[in-house]
Each structure stands twice: as C-alpha cells, then as structure tokens.
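Reader: Could you walk me through a few local features of this model, with the cut-offs spelled out?

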Amino acid sequence: SDLVALRVFDDRGAGYEEWVEQALSWVHEHQFAFENPITTVNLSLGGMWNGDSPPNWATLEDELSQLHAAGIFVSVAAGNAFQDYLAPGLSYPAVSEYVVPVSSTDSAGKMSDFSQRHARAIAAPGQAITSTVPGHMFGSGTGAGAFAAASGTSMAAPYIAGASVLVRQALELVGTSEVSEDWVYHHLRQTGDEVFDPVTGALYHRVDLAAALDALMPEDDHGDSP
C-alpha cells in the first residue's frame with residue numbers, strides 16, 4: 001500500500017476541526033494525483049459526543065459527503081467515552097452518515113469497556129495495540145523509532161481502513177471496478193460475526209477479514225504444494 005500522512009494535530013495532540021476540514025478537502029482534490037488513487041481515509045480522532053446523528057456543531061459534513069460521493073472509504077474511531085454514557089452512541093465525526101464508525105474489541109474479541117458502540121459500527125481490535133510512537137508520547141522518552149502499546153478506538157479504526165483496502169483489492173482481482181464505501185461496508189458486516197454486549201444487551205458486528213476475502217476470491221486451482 002502507498003500511505004499519505006496529513007498532519008492535523010500539534011505536538012500535544014490538540015487540533016481544530018478546521019485543520020481536519022483542510023486535510024479532507026486535500027484528499028478530495030488529490031484523489032488521483034498519485035500513481036494509485038486514494039481509496040481510503042483513516043480518522044483516529046473525534047470530539048465528545050454520544051448520539052445517533054451529528055451534533056449541531058458538526059463542521060465536517062460537506063467534506064465527508066464529498067469523499068463518500070467519490071467512493072472513498074472513511075474509517076473513523078467510534079469514541080472512547082462509553083463509561084460516561086453507558087448507552088449506545090457514537091462520537092463525532094464517527095456518527096456522520098458518510099463514514100464507517102469503528103468500535104474496539106479486546107484480545108478475547110469482546111467489546112472494550114471504554115469503546116462507544118452502535119448498531120452501525122464495526123468492531124476491530126483496539127486494546128493494547130503495539131505501534132510506533134514519537135518519543136514524547138505516553139512519557140516514553142525513548143526518542144525516534146519508539147514502540148508502545150495503547151488502547152482506544154483510534155487503534156481499531158486503522159484495522160477497518162486496512163480491511164477495506166484488501167477487500168477492494170480482492171474485488172479488483174476478480175474484475176470488479178467502481179467500488180463504493182457502502183458496498184465495502186456492507187460486505188464487511190455481512191461476512192463478520194457478532195459479539196454480545198451485556199451492558200447494552202445488544203449484538204454488535206465484528207470484522208472477520210478472512211471470511212470477507214474468502215467470500216470474494218474464486219476457488220484455488222493450485223492447492224498448497226509447489
């Protein structure tokens with residue numbers, strides 16, 4: 001995969017929705033500026049909110065609508081404030097109708113206790129995920145090239161972004177083009193499994209990437225031997 005990183009936070013992890021707006025507009029304007037077009041956006045960010053629809057202070061809807069219309073898959077962290085609400089709902093912009101909200105599961109595949117959740121969301125691993133971090137994050141003080149484990153729906157959202165890329169690649173391999181965000185989203189839900197949440201008493205969708213790809217790929221004509 002080719003990766004394009006657009007910085008929307010300062011060194012303290014603080015930012016403004018205006019900065020996110022500018023980045024999303026840049027993606028739309030540069031979708032076809034590279035050898036391979038931009039197909040996916042990951043947003044591991046969000047504002048405090050727990051609802052079924054965007055808050056009245058939402059400012060990203062025009063940009064997210066543009067990306068949706070262009071067929072770009074936008075994966076967004078569902079939010080980490082479930083213990084504040086103890087009810088289904090999503091933060092913003094995860095609650096936008098133009099994106100795919102992503103909840104977090106633990107190593108056992110259960111809903112993470114911090115993860116906001118909703119019937120629209122897809123869950124993916126988001127607890128104790130090891131990744132690269134700058135030295136000043138989490139008090140590590142280890143300089144460049146550091147690794148650390150962190151938990152949050154921000155860690156889960158990239159799993160679904162990556163899953164969408166693999167599903168899109170599988171579709172291209174079998175001759176399908178003009179893939180939309182909605183098609184990939186529904187395919188990931190239909191091929192996933194369900195996890196029961198005792199707090200809300202509801203079932204939520206959890207990604208099963210192997211099943212998603214197996215459902216698209218033709219039978220193997222060659223087997224496993226050389």
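Author: Thr-191 is found in helix 5, residues 181-191; helices (H or I, at least four residues) and strands (E, at least two) are DSSP runs, numbered from the N terminus. Heads-up: this is a predicted model, where local features need pLDDT of at least 70, side-chain atom pairs count only at pLDDT 80 or more, and totals for chains, interfaces and linings use all residues. Residues are numbered from 1 along each chain as its sequence is written, and side-chain values use heavy atoms, with hydrogens and water left out.

Reader: Is Thr-191 buried or exposed?

Author: The scale goes by relative accessible area: buried is under 20%, exposed is over 50%, and partly exposed is in between (1.4 Å probe, protein chains only). Thr-191 comes out at 16%, so the label is buried.

Reader: Which residues is Thr-191 in contact with, leaving aside neighbours within four places in sequence?

Author: Contact here means heavy atoms within 4.5 Å. With those neighbours set aside, the list for Thr-191 is Asp-208, Ala-211, Ala-212 and Ala-215.

Reader: Over to helix 2: what arc do its buried residues cover around the axis?

Author: Helix 2 spans residues 61-69, and its buried residues are Glu-61, Glu-63, Leu-64 and Leu-67. They sit on the same side of helix 2, because the arc they cover around the axis is only 165°. That arc is taken from the directions from the helix axis to the C-beta atoms. On the other side of helix 2, the exposed residues are Asp-62 and Ala-69. So the arc asked for is 165°.

Reader: What covers the buried residues of helix 2?

Author: Their cover includes one helix and some strands. Among them are helix 1 (17-29), strand 1 (40-43), strand 3 (73-77) and strand 4 (90-92).

Reader: How many aromatic pairs does a search of the whole structure find?

Author: Rings of Phe, Tyr and Trp (its six-membered ring) pair if their centres lie within 6.5 Å; planes under 30 degrees apart count as stacked, over 60 as edge-to-face and the rest as tilted. The search turns up four.

Reader: Why is the pair of Trp-26 and Phe-34 tilted?

Author: The ring centres of Trp-26 and Phe-34 are 6.3 Å apart, and their planes meet at 50°, so the pair is tilted. As for accessibility, Trp-26 is partly exposed at 25%, and Phe-34 is partly exposed at 39%. The angle behind the label is 50°.
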